[in-house]
Amino acid sequence: MYSFQPSEEQQMLIEAIKRYAMDDLRAAARDAEEEGQLPPELIEKGWELGFLQASIPEAYTGFGERSAVTGVLAAEEFAYGDLAGALAVLTPGLFTTPILLAGSEAQKEQYIPPVIEMEWKPYTAALMEPHFDFDPNALKTTARVEGDTYVLEGEKCYVPYAADAEAMIVYASLEGVTQGFIISAGAEGLEVGERMKLLGLNALPLYPLSLKGVRVPKDNRLGGEAGHDFAPILAASNVALAAMAVGVSRAALDYSMAYAKEREVFGVKVAQKQAIAFMIAEMGTAIEANRLLAWEAAWMLDQGKEEAAKHAYLALTGAMDTAMMVTDRAVQILGGHGYIREHPVELWMRNGRGFATFRGLAIV
Amino acid sequence: MIDFETPKPIKQVCNVVETVAVNMMRPVSRYFDEHEHEIPWDFINFMHNAIRSMGGTSMAPKEEKSAEEGGEKRPPIGYQRLGHMVEMLAWGDAGLYLCLPGGMLGSAAVAAAGSPEQKKRFLSRFMGEKPVFDAMAMTEPQAGSDTSAIRATAVLDEETNEWVLNGEKIFVTAGHKALIDSDGFVVVWASIDPSAGRAGMRAFVVEAGTPGIKVTKLEHKLGIRVSDTAAIVLQDCRVPFENILGSPTVEKSTKGFKGAMATFDATRPIIAAQAVGIARATLELLKEELEKNGITIRYGLPRQKLTNIEREIIDMEATLRAAWLLTIKALWMADNKIHNPKEASMAKVYAGDAVVKITQRAVELLGPLGYSRELLLEKWFRDAKITDLYEGTGQINRLVVARHMLGYRGKELR
């Protein structure tokens, strides 16, 4: 039976995140972007909303159950406030959610509670690699078996909080198949490079990694000795990023719409011109369309539908184009003012471009 | 709770409709495209009997029944069901779909604005042995999207207690079938007070055989050629007083006009469903043809690794799915009586754009095969365009969406 109505519980969560996203993340976004850092208390406040904790079962010290649908609802709201802040708050999920989805029982018991029980700490994951045709299913970082260990070699990039991370999952190709490996801070051969400078996301510390013969005990392969299926992890990441793309798009739409209703031109508000109004109509329509695409894909993941991974991919494909279109138009609607850093639309336009690139930077 | 599961009864009916689409529509698609204005009686009679045997008068949602005693009331799904059926029928053939007897726009207007007596009087005819058609006559040569420019008039003759209708209507879908080929009716929009603008606009039921109404022309069209698009002239056409839908007095408001527009809240997503059906047919054919040539789509790759054809198809699939979800959401809102003019227009804007783009790209991508009448693709390319035109062009629907988003009334955003 179709329904487009979030549950009461979800509605309450959305409201709480929305308040935080606007009052805290959005309020801090510009300074954080310019200064290149997010205040730790800001991240902690978002962490204390308990979104990730509520997606972990009691057995692993959480207080709920994971739902990708709840996840996309939350991710959109976080990103509506500020993308860098949203990714920062949710970074520990890059570590716990794949373990919850694909880890062995022992891994879940060992690795999830220390993250969930504590204040926000930098647990993270490394998926992306510095090649123009980076493909999560054809990694150039490799893992090979050597005695009782796996040996990892390769280059990673866009790894959030890598420099301070307590532990991380590094994804590598094991005989052509993407597999996760749990690596603790300070592992020999793991080198964190200099913080990356990017088109956007300046508030979020992202690092390159070099893996020079990093030895990982066999027990630390995600899923244990038998390994795991990477597809559900990637799909859960794709819907999260799709939802965030929708959130950033919505932020840009709302801001430019409010501006267009204030700004006078030729004796009327600029929003009263069809040239602008039609852009707004198309932006709103595309956002609604792609939100539903992300919702459906997330719902399919929760239901274990066979086509879920494909739909998650389609949802990200649609949402990343929407984010670019909408954020570009938001700048356009503000005209020259949109180009000035006093307004947030230029920031959202830079973030909007990122969704075609970001893979595995968020997961729900 | 957010849920995307298609209800079982809808799945079942869709299976039946798919059989119809495959066996009764697709095989005659080309023939009727090339024999414009020939009436597909075999298909019509078959569908009429099928709908009757299922106990319905049309495909349109029935009046909601009250909750069964003791049982839990099920959420209404009538419009969602209709949307699914229309999608499947349009997948079969968008023109033949428009030839279905009963339950078209005229009935929708009667169902939306008619009194219980009127519903009984006008809608019971669809239950008979012979198929009966209905139509809506709103557009005039000088009044398309701008319905306030309608010039047709209705004057009450108090002596005989009849409305006297005068005017000229065009683009009346199934007008010929409603007035000439069956004992149907046309719902005609006319003004009872031209000085009152939209507030004076009313709908009148004009039954087949009424003196003074004439079909003067059948249009020759780009696509959906099997569906007749009639021009109608009303010359001192007299209908009983009781044939007016809604109040016979003019208030200082546009309530009557808004009543007419409310019909669109359900019909616009239905047009979107047609668009989605045509687009799905196109995409399926495109993928089949490519597969014959050894091309399968590698989902999941970054764009940098995709071929152009793969990228196009993946983008089309995302767009098509999104269009369908917008459609279902708008229909779900209609079923649940949630005010949905914005969502209804969004669905139509998005689906209209999607099907036009998808059919146009598909013809291009299949090269000489795409342009040829050997395949139905070029027909779908022609059929698709209508969904971006009727029931409000893409531009009118953008205007509706923008007004709702911005909180503007018509005079603030023209």
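The lining of the second largest pocket comprises 12 nonpolar, four polar and 13 charged residues (Ala, Val, Leu, Ile, Met, Phe, Trp, Tyr, Cys and Pro count as nonpolar, Asp, Glu, Lys and Arg as charged, the others, Gly among them, as polar). The model is predicted, with local features requiring pLDDT of at least 70 and side-chain atom pairs pLDDT 80 or more, whereas totals for chains, interfaces and linings use all residues. Residues are numbered from 1 along each chain as its sequence is written, chains are lettered from A in the order in which they are written, and side-chain values use heavy atoms, without hydrogens and water.

The lining of this pocket (an open set of points on a 1 Å grid over the protein atoms alone where a 1.4 Å probe fits, with protein on both sides within 12 Å along at least five of seven lines; lining residues have an atom within 4 Å of a point) consists of 29 residues, of which Glu307(A), His311(A), Arg280(B), Arg321(B) and Trp324(B) lie nearest the centre.

Contact between the chains (heavy atoms within 4.5 Å) involves 48 residues of chain A and 44 of chain B. The buried area (accessible area, 1.4 Å probe, lost on putting two parts together, summed over both) is about 4600 Å², 66% of it from carbon and sulfur atoms. Ile2(B), Phe4(B) and Leu406(B) supply 17% of the area that chain B buries against chain A, more than any other three residues.

Seven salt bridges (a side-chain nitrogen of Lys or Arg within 4 Å of a carboxyl oxygen of Asp or Glu) are found across the interface. One salt bridge joins Lys329(B) to Glu288(A), with the closest N and O atoms 2.6 Å apart.
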